[in-house]
Amino acid sequence: MTYFVYLIGCYKHQKITTYVGYTNNLKERIKLHNKGRGAKFTRGRIWKLLYYEKFSTKSEALKREYYIKKNRKFRNLIKKFYK
């Protein structure tokens with residue numbers, strides 16, 4: 001099975017808010033976030049996919065998700081690219 005680590009962004013007051021997660025069905029997960037059925041943090045906003053990576057195992061995806069969540073430099077680099 002294939003897993004994805006993704007970074008989604010939302011523009012509000014000319015500021016980009018980001019969220020990092022993992023899933024095995026990327027398109028469906030983004031739809032759920034936008035319908036308000038994703039993580040509690042993501043409810044009430046319109047999200048766009050900014051970045052994703054593909055992994056063959058869940059453990060690899062979880063490790064990379066944790067790394068991206070903790071690495072603000074990497075997230076800020078992605079945000080600069082989309083400003």
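This is a guided tour of a predicted model, taken one selection at a time.

**Stop 1**

The structure holds 2 salt bridges. Select glutamate 53 and arginine 64 to find one of them: their side chains meet at 2.8 Å, N to O. Glutamate 53 belongs to strand S3 and arginine 64 to helix H2, and this pair, 11 residues apart, links distant parts of the chain. Are the two partners buried or exposed? Glutamate 53 has a relative accessible area of 15%, so it counts as buried. Arginine 64 has 23% and is therefore partly exposed. Side chains of opposite charge can pair when their charged atoms come close.

**Stop 2**

Glutamate 65, at 10% relative accessibility, is buried, whereas lysine 69 is partly exposed at 35%.

**Stop 1: asparagine 71, between two helices**

Next, select asparagine 71. Where does asparagine 71 sit? Its place is in the loop between helix H2 (58-70) and helix H3 (72-82). Asparagine 71 has a relative accessibility of 17%. Buried means under 20%, so asparagine 71 counts as buried.

Now show what its side chain reaches.

- Toward tyrosine 67, the side chain of asparagine 71 makes a polar contact with the tyrosine side chain, at 2.7 Å.
- Toward lysine 73, a polar atom of the asparagine 71 side chain lies 3.2 Å from the backbone nitrogen.
- Toward phenylalanine 74, the asparagine 71 side chain reaches the backbone nitrogen at 3.1 Å.

**Stop 2: threonine 18 and arginine 75**

Move to helix H3 and select arginine 75, which has its place there. What joins the side chains of threonine 18 and arginine 75? A polar contact of 2.9 Å joins them. Threonine 18 is buried, with a relative accessibility of 8%, and arginine 75 is buried too, with a relative accessible area of 9%.

**Stop 3: leucine 50 in strand S3**

Return to strand S3, which spans residues 48-55, and select leucine 50 in it. Leucine 50 has a relative accessible area of 9% and is therefore buried. Leucine 50 and lysine 40 are 10 residues apart in sequence, and 19 Å separates them in space, C-alpha to C-alpha.

**Stop 4**

At 47% relative accessibility, tyrosine 11 is partly exposed.

**Stop 7**

Finally, keep the surface on and select Lys27, Lys31, Lys35 and Arg37. What kind of surface patch do Lys27, Lys31, Lys35 and Arg37 form? The patch is positive. One of its members, lysine 31, lies in helix H1 (residues 26-35). The relative accessible area of lysine 31 is 48%, and the residue is partly exposed.

Notes: Residues numbered from 1 in each chain as written. Predicted model: local features only at pLDDT ≥ 70, side-chain atom pairs only at ≥ 80, totals over all residues. Heavy atoms only, no water. Patch = residues over 30% accessible without salt bridge, like charges linked within 9 Å, V, L, I, M, F, W, Y side chains within 5 Å. Areas by Shrake-Rupley, 256 points an atom, 1.4 Å probe, with all protein chains shown as cover. Salt bridge = Lys/Arg side-chain N within 4 Å of Asp/Glu carboxyl O. Lys, Arg positive; Asp, Glu negative; His and termini not counted. Charge placed at Lys NZ, Arg CZ, Asp CG, Glu CD. Helix = DSSP H or I, 4+ residues; strand = E, 2+ residues; numbered from the N terminus. Buried < 20%, exposed > 50% of the residue type's maximum accessible area, 1.4 Å probe, protein only. Polar contact = N/O pair within 3.5 Å; in protein donor to acceptor, adjacent residues only side chain to side chain.
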